[in-house]
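Subject: Handover of a two-chain model

Dear colleague,

I am passing the structure below on to you, and after it you will find my notes on what was found. Please read them with the coordinates open beside you.

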Amino acid sequence: MAWMSWTLPTAAFFAGIALILVAMTTWQVISPSVERRGFLPLDTTRGDRLFIGLLTSAFIHLGFVALSDVSLYIATMLCVIWMIILMRWG
Amino acid sequence: MTKVENNKAWWLVMPVFLIVAFSAIIPLMTVVNYSVQDIFDPYTRYFVGTEWFKQVMTDSRLHDALIRQFIYSFTILAIEIPLGIAVALMMPTKGRGASLALILVAIPLLIPWNVVGTIWQIFGRADIGLFGAMMAELGINYNYASEPMHAWLTVVLMDVWHWTPLVALLCYSGLRAIPEVYYQAARIDKASRWAVFRYIQLPKLTNVLIIGVLLRFMDSFMIYTEPFVLTGGGPGTSTTFLSQSLVQQAIGQFDLGPAAAFSLVYFLIILLVCWVFYTTIMNMQKDK
């Protein structure tokens with residue numbers, strides 16, 4: 001695995017993503033998701049909202065990196081709040 | 001009646017998952033790892049956080065390449081999709097003519113990318129190429145090696161020539177799949193040619209058009225070989241698209257960290273645009 005040049009933060013990041021996927025799959029098996037419409041202008045399942053949330057979070061982080069020198073922890077916290085809003089009301 | 005869910009079929013997907021893991025997921029993870037480090041050799045590397053991302057996101061050369069890339073992709077989509085539909089509508093449906101038309105239309109698709117670049121490089125030259133000579137006869141001083149507009153025109157024409165057949169063939173297969181009864185009903189209603197296209201053919205083509213738009217967008221957004229062979233990214237940087245900037249950085253200068261950060265931004269943009277296209281088209285279909 002040395003050739004992959006792992007670092008602790010990236011390992012933690014992928015472990016987090018893997019955990020989210022496992023948790024979402026378990027949730028789906030226990031109670032299957034139904035398509036519904038929230039504040040987003042389209043019908044979404046839980047998986048769709050997770051994808052939208054992760055993609056927008058990536059762009060929020062990139063925006064913070066490109067446009068400001070503010071700590072990225074603030075971006076991460078904003079993204080967590082955004083994910084919760086999106087998963088619940090999106 | 002309760003539906004019995006059998007999830008054993010998932011095991012059959014495992015080989016594909018393993019192949020994708022080896023060919024896409026693990027390399028992508030490696031790129032993520034590279035993007036946060038300054039790598040000198042496999043044993044000497046330093047964690048730099050988001051420094052490369054900052055550098056990439058504020059690099060004006062990359063901004064220009066990104067803008068060029070979007071203009072290029074949307075230009076060729078705006079030409080290839082309507083042209084592909086038009087070609088498919090005009091292709092004969094029966095007899096020998098149909099086979100001949102299919103073969104003729106498919107020929108550009110069989111030619112490798114670098115050969116396409118070379119063909120157009122010669123085709124566009126005023127001294128030995130047909131296209132260049134024709135432009136010279138028309139009194140236009142056509143030179144794709146020194147005029148940015150001419151270089152753009154050649155690169156766009158080349159892509160349209162190379163890839164419109166794909167859209168045409170997709171649409172052709174979509175058109176052939178429309179049952180005859182729809183046309184019979186249209187004839188009974190005395191529908192005009194336009195009405196038949198608008199209310200029967202176009203809606204039935206939606207699915208193949210989704211594939212066509214997505215394939216053409218992704219491919220054109222990642223275009224490398226043809227412009228590289230034809231213009232080498234010039235004159236100046238006028239036809240240097242994203243992938244060429246990336247290759248210059250990764251292989252030319254061997255800046256693996258910034259190149260990895262750039263790859264990830266590139267990947268996210270493609271992912272976003274494809275998702276927007278896909279969702280919009282699927283929702284348009286649902287609303288009907």
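Chain B has an average pLDDT of 89, and 98% of its residues score at least 70, where pLDDT is the predictor's confidence in each residue on a scale from 0 to 100. For the model as a whole, the scores are ipTM 0.92 and pTM 0.83. Where pLDDT is low, the predicted coordinates should not be read in detail.

This is a predicted model, in which local features need pLDDT of at least 70 and side-chain atom pairs count only at pLDDT 80 or more, while totals for chains, interfaces and linings use all residues. Residues are numbered from 1 along each chain as its sequence is written, and chains are lettered from A and ligands numbered from 1 in the order in which they are written.

Chain B

Chain B contains twelve helices and two strands, which are DSSP runs numbered from the N terminus, a helix being H or I over at least four residues and a strand being E over at least two. Along the sequence these elements follow the pattern α-β-β-α-α-α-α-α-α-α-α-α-α-α. The C-alpha trace of chain B spans about 75 × 75 × 30 Å along its principal axes. Of its 288 residues, 26% count as buried, a word used here for a residue with 20 or more other C-beta atoms within 10 Å of its own, as against exposed for 12 or fewer and partly exposed in between, with C-beta atoms placed from the backbone. Taking the contacts in chain B between residues at least 6 apart in sequence, 69% join residues at least 24 apart, two residues being in contact if their C-beta atoms, placed from the backbone, lie within 7 Å.

An unreviewed UniProt entry lists residues 12–36, 70–91, 97–116, 151–175, 196–218 and 259–278 of chain B under "transmembrane region"; the positions are given in the numbering used here, feature names are shortened, and annotations may be inferred rather than shown by experiment.

The buried residues of α1(B) are V32(B), N33(B), Y34(B) and S35(B). V31(B) is found in this helix as well, but V31(B) counts as partly exposed because it has 18 C-beta neighbours inside 10 Å. Leaving aside neighbours within four places in sequence, V31(B) is in contact with A260(B), S263(B) and L264(B). The C-alpha atoms of V31(B) and L264(B) are separated by 7.6 Å, although the two residues are 233 apart along the chain.

Chain A and the contact

Chain A has three helices and zero strands, and its C-alpha atoms fill a box of roughly 40 × 35 × 15 Å along the principal axes. Its radius of gyration is 15 Å, whereas a compact globule of 90 residues would have one near 12 Å; the radius is taken over C-alpha atoms, and the globule rule is 2.2 Å times the number of residues to the power 0.38. Of the 90 residues of chain A, 12% count as buried. Among its contacts between residues at least 6 apart in sequence, 50% join residues at least 24 apart.

The contact between the chains takes 23 residues from chain B and 17 residues from chain A. On the side of chain B that touches chain A, the elements giving two or more residues are α1 (10–35), β1 (37–41), β2 (44–47), α2 (51–57) and α12 (256–287). The largest share of that side, seven residues, comes from α12(B).

S5(A) has a positive phi of about 50° although it is not a glycine, and its place is in the segment before α1 (8–30) of chain A. F254(B), also a residue other than glycine, has a positive phi near 55° and lies in the loop between α11 (242–252) and α12 of chain B. Most residues other than glycine have a negative phi. F254(B) is exposed, with 9 other C-beta atoms within 10 Å, while S5(A) is partly exposed, with 18.

With best wishes
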